Amino acid sequence: MILQAQELALSYGTKKNLADAIVTDISLNLEAGQVLVIQGPNGSGKSTLMKGLARQLKAARGSVSLGGKDIWQMNIAEFARKIAYVPQKLELPWEMTVLELIALGRNPHQKWWSTALTTSERALVHGAMARCGLDGMGQRRVNQLSEGEKQRATIAMALAQEPHFILLDEPTANLDFRYQLELIAIIKELKAQNIGVAAILHDLNLCARIADQVLLLGKASGGGASSVVALGSVQTVLQPEQLRAVFAVDLTIVRDPDSGCDIYIPRSLSDSHKNSSKDRA
Amino acid sequence: MLLKLSALILFTIALMLANLCLGDVSVSPLEALQTVFSAGTGSGSATELHDVISSIRLPRLLTAAVVGLALATSGYLLQALSRNDLADPYLTGVSSGAALGVAFAMLCKFDFQSIPLFAFAGGIIASFFVAFLAKGQAHYGLSVAKLLLAGIALSSVASALITMAMTIFGTQLMAQGLNLWLLGGISGRSWAELIPTSFYVAVGFVAALATAKQLSLLSLGEETASSLGLNVGRSQVIILAAAVLLASSAVALSGMVGFVGLVAPHISRRLFARAVRLQLVTAGLTGACLVLFSDLLARTLNASQELPLGTLMALIGGPFFIYLLSHSLERVNQ
């Protein structure tokens, strides 16, 4: 199964005006068992693109399809059985427990009125909790959790959904080092289970560890909508020149002798950025 | 939890019995129940007592319970739908629409008996108008912020229209009648008004119970709810329709009884269960208790004149609500 975007342009509002597009001309393929990491500076439309893939925002132009079928032609529950989406921030009602929250992940598989979990579903929900380090927290109210625990609970809810693809919008934003590494391990496990993952990650080092493909988003020099600057493997996309052009930051890349992974060290704001700041001053 | 729920059910039954027994003529619970189940024949005083209990107090106490249950459930639905703790059943324009309907009926000199029907129709029409204005992005259904604002805007326009119409075309008697209706009350409600309205309330309440899971999902926000496979727009419309049906039925029966729809859901959430379906039941019962208790006091506190129900409701519910808030602040803050 492939999640595919073709010449996708996305804008907010009901008129879907291309002139107001946040991102444009995005084409990508995400296969089952692949990890796509979306990179780009603040305001480059990463979350907007994620919403487009997650059936939260209709295309102003182009389309998103899953297994060859336009996602907007799919029944919403059918879509949710195949794609789970973890937004950047979730509203959590204070009276709900962690277990109740994660159990809601089973909704697309249940009848519309039913809240009861079968034995296997209960095992699945508890497994998702354990996988995200929430063992023993089932009866705690969600408002008693730290931001990082909340984030893990929402990821557990997505795991309970048993999807073919998981879309994660900045899943490491509130996680400490340990849980960032846990998340990377979870993503690798999902990959091994042939589940496709698309994630927005700001940390280039985490990105380099897990990405099969990196999509670098950026705006053209004149501003306007963002589009694909580069799409490909870590080695081809995370190049210092390319990153400098998009982030206006000079980076040094060193090879970690233990893991063999590249380590990205931001050094300074690039000259072009300094010049433009001076111009503005 | 079962213990708390049983206690609430027993408390509701006790309040109903108290409403049946107490008043200008007070009888024992046993006597009251015997009178209810008797045929109403016998000596003059027995027939009189039968009339008081079966034709006046029984429909009145059931009206109080139905109004309380309807307003509290409607309030619960709207607070959950808007994710706003200050939402109450009159939020969607039910009250202003109903008041406009009543003003229209009075100005057109319709029969007094038809006023609840106009209130009901006015409430429903106004709510649909507000829902139409609150239509959000196509796949998200209603915009909650727009719903709140449209409800407030419609209320202002409706009250201005009522004042204008009453000033130009109305008489002093009409204005007094409208004011009395706006104050709210359930005095003199008969079986003829109670039975059909109870049917609408039952439909609304069953619909509310059926949407419990949808309410849980919507409490996570429209975006997450839709990513969990919920048809957000359809669910919002069903929940809103149930809330409007319940509120309009209550308004048709009792006029504008404020406060209960706002506080009963909070009291229920703080004192009782977490699960939405149980919360709906306990909110409904809490609302019924509030109105039953207020109406009992309204009838019995002042022997010479009945006190206004809405005012008593605020006097009883307000301090209790403040007490609950001050004793559960840490839970709210978390």
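What follows is a chat about the two chains, how they touch, and a few single residues.

Me: What should I know before we start?
Reply: This is a predicted model, so local features need pLDDT of at least 70, side-chain atom pairs count only at pLDDT 80 or more, and totals for chains, interfaces and linings use all residues. Residues are numbered from 1 along each chain as its sequence is written, while chains are lettered from A and ligands numbered from 1 in the order in which they are written.

Me: Ok, chain A. How many helices and strands does it have?
Reply: Chain A has 10 helices and 12 strands. Those are DSSP runs numbered from the N terminus: helices are H or I with at least four residues, and strands are E with at least two. The radius of gyration of chain A is 20 Å, close to the 19 Å that the globule rule gives for 281 residues, so chain A is as compact as a globular protein of that length. That radius is taken over C-alpha atoms, and the rule is 2.2 Å times the number of residues to the power 0.38. Along its principal axes, the C-alpha trace of chain A spans about 60 × 45 × 35 Å.

Me: And how much of chain A counts as buried?
Reply: That's 42% of its 281 residues. Buried means 20 or more other C-beta atoms within 10 Å of a residue's own, exposed means 12 or fewer, and partly exposed is in between, with C-beta atoms placed from the backbone.

Me: Which domains does chain A have?
Reply: Domain 1 covers 2–247 and domain 2 covers 248–281; the bounds come from an automatic or database domain assignment. Taken over C-alpha atoms, 27 Å separate the centres of domain 1 and domain 2 of chain A. Nine residues of domain 1 of chain A are in contact with 10 residues of domain 2 of chain A, where contact means C-beta atoms, placed from the backbone, within 7 Å. On the domain 1 side, α7 (204–210) and α9 (240–247) of chain A each supply at least two of the touching residues. That side divides into six nonpolar, one polar and two charged residues.

Me: What counts as nonpolar, charged or polar?
Reply: Ala, Val, Leu, Ile, Met, Phe, Trp, Tyr, Cys and Pro are nonpolar, Asp, Glu, Lys and Arg are charged, and the others, Gly among them, are polar.

Me: Is β3 of chain A buried or exposed?
Reply: Strand β3 (residues 35–39) of chain A is mostly covered, with five of its five residues buried. V35(A), V37(A) and Q39(A) point one way, L36(A) and I38(A) point the other way, and all are buried. In a regular strand the side chains alternate between the two faces of the sheet.

Me: Which strands does β3(A) pair with?
Reply: One is β8 (residues 196–200) of chain A, joined to β3(A) by four bridges and running parallel. Another is β9 (residues 213–220) of chain A, also parallel to β3(A) with four bridges. Pairing takes at least two DSSP bridges between strands. L36(A) has A198(A) as its bridge partner in β8(A), and L36(A) stands opposite Q213(A) in β9(A).

Me: New topic: what is the phi of R55(A)?
Reply: Phi of R55(A) is near 65°, a positive value in a residue other than glycine. R55(A) lies in the loop between α1 (46–53) and β4 (59–66) of chain A. R55(A) is buried, with 21 other C-beta atoms within 10 Å.

Me: And N194(A), buried or exposed?
Reply: N194(A) is exposed, with 12 other C-beta atoms within 10 Å. N194(A) has a positive phi of about 70° although it is not a glycine.

Me: Now chain B. How many helices?
Reply: Chain B has 15 helices and zero strands. The radius of gyration of chain B is 20 Å, close to the 20 Å the globule rule gives for 334 residues, so chain B is as compact as a globular protein of that length. Buried residues make up 48% of the 334 residues in chain B.

Me: How many residues of A touch B?
Reply: 25 residues of chain A are in contact with 22 residues of chain B. The largest share of the chain A side, four residues, comes from α2(A). That side divides into 13 nonpolar, eight polar and four charged residues.

Notes:
Two residues are in contact if their C-beta atoms, placed from the backbone, lie within 7 Å.
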